[in-house]
Amino acid sequence: MDILVDVLWPSISIGLAESDFAEALITVALFSGLAFTANELRQVQIRHTRLEAQIRTAAGAFSEVLEAHFRTWSLTRAEREVAILAIKGFSIGEIADLRKTKQGTIKAQCASVYRKAGVSGRLQLMSVFVDDLLADSLVSSTNPANLKEDT
């Protein structure tokens, strides 16, 4: 307001525009806004750190869920590798290429995994792990001993 008056009406003097009180009030408002913004930024950083920790926990929990089920199903090392690649979404041909083996071998290993897991295919296999990750017991503890055994 002070600049506007000085530019448009240089000869007029308005008390409020040239008041130290008005300038002090504006300065306090600016510093208050700066403090509020700094506090909000700190809150966002804290939330970001917490979410990163939750993502790391979820990744570790998924690994624990996989290993717990693989032990329960008594999968061989080759079956574990094929199961992980299948869960990741690789096709039979892609898995065969990655493992440098024939597609028939991969199909047999997938069938063995599905049989041991008690599922009929890849989607049901993935749903076993998704169900465990969404279970309330996983939220309270990521210990594989506390995982539900009914899946």
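The model is a predicted one, in which local features need pLDDT of at least 70 and side-chain atom pairs count only at pLDDT 80 or more, while totals for chains, interfaces and linings use all residues. Residues are numbered from 1 along each chain as its sequence is written, and side-chain values use heavy atoms, with hydrogens and water left out.

Of the 151 residues, 25% are buried, where buried means under 20% relative accessible area, exposed over 50% and partly exposed in between, with a 1.4 Å probe and protein chains only.

Next, select helix 3 (residues 77-87) and helix 5 (residues 103-117), which pack at an angle of about 90° with their axes 9 Å apart; the axes are lines fitted to C-alpha atoms, for helices over the stretch in contact, and angles run from 0 to 180 degrees between N-to-C directions. Helix 3 is therefore roughly perpendicular to helix 5, a label for angles of 65 to 115 degrees. Show side chains here: Ala78, Glu79, Val82 and Ala83 in helix 3 meet Ile106, Gln109, Cys110, Ser112, Val113 and Lys116 in helix 5, contact meaning heavy atoms within 4.5 Å.

From Val82, move to Leu98, which is 16 residues away in sequence and 9.9 Å away in space, C-alpha to C-alpha. Leu98 is in helix 4 (residues 92-99) and, leaving aside neighbours within four places in sequence, is in contact with Leu85 and Phe90.

Finally, select Phe62, Phe70, Trp73 and Phe129, which ring pairs link into a cluster; rings of Phe, Tyr and Trp (its six-membered ring) pair if their centres lie within 6.5 Å, and planes under 30 degrees apart count as stacked, over 60 as edge-to-face and the rest as tilted. The protein has four aromatic pairs by this rule. Phe62 and Phe129 are edge-to-face, at 6.1 Å centre to centre and 70° between the planes, and this pair links Phe62 in helix 2 (residues 20-73) with Phe129 in helix 6 (residues 122-134), 67 residues apart. Phe62 is partly exposed at 26% relative accessibility, whereas Phe129 is buried at 1%. The rings of Phe70 and Phe129 have centres 6.2 Å apart and planes at 85°, so this pair is edge-to-face. Phe70 is buried, as is Phe129.

Terms used
Helix = DSSP H or I, 4+ residues; strand = E, 2+ residues; numbered from the N terminus. Parallel < 35°, antiparallel > 145°, perpendicular 65-115°, else oblique.
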